[in-house]
Amino acid sequence: MGYEDNINGHDPKVMTDSDNEKAVYAAPPPFDQEMLGEITDTERHGIQKFSRLGWKRLTVVLIVEAIALGSLSIPQTFAYLGMVAGVICCVGLGLVAIYTSYIVGQVKLLFPQVANYADAGRLMWGRFGYELINLMLALQLILLTGSHCLTGTIAFMSITESNICSVIFAVVSAIILLALAVPPSFAEVAILGYIDFASIVLAIGITIIGTGVQATNAPGGLAAVDWSAWPKENLTFTEAFIAVSNIIFAYSFAMCQFSFMDEMHTPKDFVKSIWALGITEIVIYTLTGALVYAFVGQSVESPALTSAGTTLSRVAYGIALPVIFISGSINTVVFGRLVHGRIFANSPIRFINTKMGWITWLAVITAATIIAFVIAEVIPFFNDLLSLSSALFISGFTFYFPALMWFILIRKGSMFSSKNMLLTVVNAIILIIGLVILGAGTYSSVEDIIEKYNTGDVRGVFTCAKPS
């Protein structure tokens, strides 16, 4: 199997080890000029195109994919959980996400032919695992793109303050997301990452400063803000789990890590990237949640940019437009690579450097964007869309799947041996956390969605009212 077979998220061949009946991947041959001479120019250019990512660019791509919508929901999460539990959840779940991301990277190093999360599923459970995780990954990526389309709609309506039908802004958002998803290589997307990161940091900064100034100038000053160290009174089970799910949504970077590492020229450098990203996320999320909640109190809104007041929120949304659309397009690219790479696994078309390659690529990402647009119209409320996504899919990609990877793919020797005992306990706890989030989080999200429709708290499907 050539190295070129490891490009573009395809369905790689699997060999069966008859001794332990575990599917294993053959290690790829060295990437050298001699091998390049054995393939066509189209394939050689394709391999070079998809093998340019260093650890610094990987960090940028991870930041683009990760630090986006999640940060906008954190302050309201603090309003539900209280300052103490909010900080503990932000820091604790962030450290867990770094650890599980490390497990994902170790699997990629041990099994280089794993091009995406679904390939890891095949290693663990054969064809069933491959198809299950493929479906979960595809649905999650579509939900993420849909949530960015929804946020783009909210942003445009806030910026313009016009009476234009929200569906029109949703269409505009979908078109922008599609246009930015056209480049199929993550190394190309990384160039936009610097704009993306500056965008979200400035938008959050404006929100924090704006809410701080408002609180200071309000009657009673900062002392009058009704924030609390403890959970809000009469906090329901549903509200608590939606709040936790929104924090989990913010730490979803392990989901795309296999695809990103597949483009690295030195995959072992991934550890630098996940630590740089993880610490950055923990700091940004914790400070954003704590400060905005301390300045606004229980009335803080989600997305958080709306809490900065009419004028400043319009400015903040304007500055946040790059992160809304660049980060959203990353998910479309990952989805496109997953689907396109599978359809054309054994064809040079998968490299997307021929006419047919580009035609099929554009067809795949266009279809994905249309589906995401429909989802954004069917579930037109920000927090519930994020929490449903977290409960159904991120609970697996960030928690119970990495824990199972350690037990099935990485662990050597008995799980109860002295060298494995601590990691056995840690991974068992992470597995349980993930399964609890899957069950309780999904129940809470669905219940809240049904309740909002029954009480009329949200607009109808494909109507012109502003999303909530």
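Helix 7 passes helix 12 in a right-handed crossing. This is a feature of a predicted model. Helix 7 covers residues 166-180, and its axis comes within 8 Å of the axis of helix 12. The two axes cross at roughly 55°. That angle makes helix 7 oblique to helix 12. On the helix 7 side, the contact residues are Ser173, Ile176, Leu177 and Leu180. They meet Ile324, Phe325, Ile326, Gly328 and Ser329 in helix 12.

Helix 12 has a further partner. Helix 12 (residues 310-343) also packs with helix 13 (residues 355-378). This crossing, too, is right-handed. The angle is about 125°, with the axes 9 Å apart. Angles over 145 degrees would count as roughly antiparallel, and 65 to 115 as roughly perpendicular. Helix 12 and helix 13 are therefore oblique to each other. Helix 12 contributes Thr332, Val333, Phe335, Gly336, Arg337, Val339 and His340 to the contact. Helix 13 answers with Gly357, Thr360, Trp361, Val364, Ile365, Ala368 and Thr369.

Next, the aromatic side chains. The structure holds 13 aromatic pairs.

| Ring pair | Centre distance | Plane angle | Class |
|---|---|---|---|
| Tyr117 and Phe397 | 4.8 Å | 65° | edge-to-face |
| Phe397 and Phe401 | 6.0 Å | 55° | tilted |

Which parts of the chain does the pair of Tyr117 and Phe397 tie together? Tyr117 lies in helix 6 (residues 117-160), while Phe397 lies in helix 14 (residues 382-410). The pair therefore ties together parts that are 280 residues apart in sequence. Phe397 and Phe401 are instead four residues apart in helix 14, which puts about one helical turn between them.

Phe397 has a relative accessible area of 0%. Phe401 has 3% relative accessibility and counts as buried, because the limit is under 20%.

A charged side chain sits over another ring. Arg122 lies over the face of Tyr130, at 4.3 Å from the ring centre.

Thr59 is found in helix 3 (residues 55-66). Is Thr59 buried or exposed? Thr59 is buried, with a relative accessible area of 9%. Its C-alpha lies 7.1 Å from that of Ile274, although Thr59 and Ile274 are 215 residues apart in sequence. Leaving aside residues up to four places away in sequence, Thr59 touches Ser273, Ala276 and Leu277.

Finally, the overall picture. The secondary structure comes to 15 helices and two strands. The protein has 468 residues, of which 58% count as buried. Consider contacts between residues at least 6 apart in sequence: 84% of them join residues at least 24 apart.

Methods: Residues numbered from 1 in each chain as written. Predicted model: local features only at pLDDT ≥ 70, side-chain atom pairs only at ≥ 80, totals over all residues. Heavy atoms only, no water. Phe/Tyr/Trp six-rings, centres within 6.5 Å; stacked < 30°, edge-to-face > 60°. Buried < 20%, exposed > 50% of the residue type's maximum accessible area, 1.4 Å probe, protein only. Lys NZ or Arg CZ within 6 Å of the ring centre and 35° of its normal. Axes fitted to C-alpha atoms, helices over the stretch in contact; angles between N-to-C directions. Parallel < 35°, antiparallel > 145°, perpendicular 65-115°, else oblique. Left-handed = near helix turned anticlockwise from the far one by under 90°. Contact = heavy atoms within 4.5 Å.
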